[in-house]
Amino acid sequence: MDKKIKTAVIFGTRPEAIKMAPLVLELKNRPEFEPVTIVTAQHRQMLDQVLELFDITPDYDLNLMKPNQNLWSLTSDILLQTKEIFEKINPDIVLVHGDTTTAFASALSAFYARVPIGHVEAGLRTFNKDYPFPEEINRVLADAVSDLHFAPTEGSVQNLLNSGIKEGVSSGALDNAYEPGRRIYKTGNTVIDALLYTVKKGVDLSEFGLSDNLKTILLTSHRRENFGKPLENICDAILELVQKNKDIEIVYPVHLNPNVRNTVFNKLSGVERVKLIEPLEYAPFCALMKKAHIILTDSGGVQEEAPSLGVPVLVLRDETERPEAVECGCVKLVGTNKEKITGTVQKLLDDVNFYNSMKMAVNPYGDGLASKRIVDIILSRYIQQ
């Protein structure tokens, strides 16, 4: 090729950074590509931790995080600032990820600039525009304007086909063969690439004072829809579980959002065998997932990652856009009902067969080669043009 493929990779939150970092590294290793990394810093501190872990220095940092920022200002800021960058660098393709405001606004901006768009982790759906909010609509709109859709699973492929993206082809297997006019590819999820890269590093968890004689339950909860009473219910379930089970400890990295911290610290601060810690960098969080006996979470990424580590996951949501893990048995939805949370955790603690049925289930989200497949597809596309 006479000209390198200038590929703008845009992300702004910690989960996006984790899932896009392996893709950035893959692009940097390919001589046919000129990657340009753009971060909106929708999440500042947590984003920087991931950039350091993967040794990525952004080419453009919009630094948009503001106190009490709202969706209106964030969306407009991303649109206006990415417009200037696109006009300056004239990319051949823009890659966005998932369902954040960064993903949607950047995809819309690239569409306005008439630049081809690749949507990584395309096709996820709950089919409820209010749950999760605003992520469900963000991903639907990002899919609507994208040219290439890199779907993690067969279910995501079918969602895209059912939404009217008719040029897609589903082979029922992972593949990387570009075909003119084809828009949908099943690649696996890049989060597995990131996880396997990170757990190889090994991290010392001694600073957290975890006991080898106790079963560790890892808890994360930060979704907007769980603010208030739902999060109070989760905390009440934790209180009941530690009172009933003297052989468990809870570790909760508490999100920086005041809506989370106020509730959690009011309910759980000072409770024996409940460790409230600051948000973790990605590497120690992966190590903590690996050590955990059970994980309780409302995070989408954790639903995908933990099954690769053989850890049962209970999802603190009533709906998920990742049904494949539920279907294969490694993830169960428990919502925010106190009795359902405590009942399911207790069953995992007491019933070895039930526990092993979740632990041994095969992760449906990939094999650690998603980034390679995505880059191969883009390269094939430009070679054929």
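Trainee: How are α1 and α7 oriented to each other: roughly parallel, roughly antiparallel, oblique or roughly perpendicular?
Mentor: In this predicted model, helix α1 (residues 14-28) packs against α7 at an angle of about 80°, with the axes 7 Å apart. Angles of 65 to 115 degrees fall in one class. The two helices, α1 and α7, are therefore roughly perpendicular.

Trainee: Which residues of α7 are met by α1, and how do the residues of that contact divide?
Mentor: From α1, the contact uses Ile18, Lys19, Pro22 and Leu25. On the α7 side stand Thr190, Val191, Asp193, Ala194 and Tyr197. By class, the residues of the contact of α1 with α7 divide into six nonpolar, one polar and two charged.

Trainee: How do the rings of Phe54 and Tyr197 pair?
Mentor: The structure holds three aromatic pairs. In the pair of Phe54 and Tyr197, the ring centres are 5.0 Å apart and the planes make 20°. Planes under 30 degrees apart set the class, so the pair of Phe54 and Tyr197 is stacked.

Trainee: How many residues apart in sequence are the parts that this pair ties together?
Mentor: Phe54 lies in the loop between α2 (45-53) and β3 (60-61). Tyr197 belongs to helix α7 (residues 190-199), so the parts tied together are separated in sequence by 143 residues.

Trainee: Which residue joins Phe54 and Tyr197 in a cluster?
Mentor: The cluster is linked by ring pairs. Besides Phe54 and Tyr197, it holds Tyr282.

Trainee: Which residues does Lys28 touch, not counting residues up to four places away in sequence?
Mentor: Lys28 is part of helix α1. Its relative accessibility is 45%, which makes Lys28 partly exposed. With those sequence neighbours left out, Lys28 touches Pro35, Asp55 and Ile56.

Trainee: Is Thr37 buried or exposed, and what is it in contact with?
Mentor: Thr37 sits in strand β2 (residues 33-39). With 1% relative accessibility, Thr37 counts as buried. Leaving aside neighbours within four places in sequence, its contacts are Val9, Phe11, Val24, Ile56, Pro58, Asp59 and Tyr60.

Trainee: Which ring has the charged end of Arg381 over it?
Mentor: Elsewhere, Lys347 lies over the face of Phe354, 4.4 Å from the ring centre. For Arg381, the charged end is 5.4 Å from the centre of the ring, and that ring belongs to Tyr382.

Conventions. Residues numbered from 1 in each chain as written. Predicted model: local features only at pLDDT ≥ 70, side-chain atom pairs only at ≥ 80, totals over all residues. Heavy atoms only, no water. Phe/Tyr/Trp six-rings, centres within 6.5 Å; stacked < 30°, edge-to-face > 60°. Helix = DSSP H or I, 4+ residues; strand = E, 2+ residues; numbered from the N terminus. Lys NZ or Arg CZ within 6 Å of the ring centre and 35° of its normal. Buried < 20%, exposed > 50% of the residue type's maximum accessible area, 1.4 Å probe, protein only. Contact = heavy atoms within 4.5 Å. Axes fitted to C-alpha atoms, helices over the stretch in contact; angles between N-to-C directions. Parallel < 35°, antiparallel > 145°, perpendicular 65-115°, else oblique. Nonpolar A, V, L, I, M, F, W, Y, C, P; charged D, E, K, R; others polar.
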